[in-house]
Amino acid sequence: MASLKLKRVYEAPEASDGARILVDRLWPRGIAKEKARIDLWLKDIAPSDALRKRFHGKPEDWDAFREAYAEELEGEAAQAAVKELRECLGKGPVTLLYAARDESHNNAVALKRWLDEHRGRGSSP
């Protein structure tokens, strides 16, 4: 499997990014689509609005967020998005893009960890 990196969408694109995939449900504030150079926007792989609002700005609830997000990732729409992401990884490097300021506690970090934990399990990543 190709490399999977994480990057804030506000950072400049680089050739080494490979496929640039936005994994947020909302379009990032203040960035034009042309400047972001996003190849794919997987809204269905992002946490639900309710989950995002429940844990926004609460790093102390990180483990609870990851657990709730993992449950959402088992849903049908999320699994279709996971499949699409895995297909991209089969073609080359992928960079998951996110808008959050907190680079340690965000949905892209949780998603990457979930993907790593589910590698090789049936239809899941």
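Visitor: Leaving aside its neighbours within four places in sequence, with which residues is Leu-73 in contact?

Guide: Contact means heavy atoms within 4.5 Å. By that criterion, Leu-73 touches Ile-45, Ala-78, Gln-79, Leu-111 and Trp-114. This is a predicted model, in which local features need pLDDT of at least 70, side-chain atom pairs count only at pLDDT 80 or more, and totals for chains, interfaces and linings use all residues. Residues are numbered from 1 along each chain as its sequence is written, and side-chain values use heavy atoms, with hydrogens and water left out.

Visitor: Is Leu-73 buried or exposed?

Guide: Buried means under 20% relative accessible area, exposed over 50%, and partly exposed in between (1.4 Å probe, protein chains only). Leu-73 has 1% relative accessibility and therefore counts as buried.

Visitor: Where is Leu-73 placed?

Guide: Helices (H or I, at least four residues) and strands (E, at least two) are DSSP runs, numbered from the N terminus. Leu-73 belongs to the loop between α3 (62-72) and α4 (76-89).

Visitor: In what order do the four strands form the open sheet?

Guide: Two strands pair if DSSP finds at least two bridges between them. Here the order is β1-β4-β2-β3, with parallel pairing. β1 (4-8) and β3 (40-41) each have a single partner strand, so one side of each lacks a neighbour in the sheet. Five bridges join β1 to β4 (residues 94-98), and Arg-8 stands opposite Tyr-98 in β4.

Visitor: Which strands does helix α5 touch?

Guide: Axes are lines fitted to C-alpha atoms, for helices over the stretch in contact, and angles run from 0 to 180 degrees between N-to-C directions. Helix α5 (residues 107-117) packs on the sheet against β1 and β4, its direction making about 175° with that of β1.
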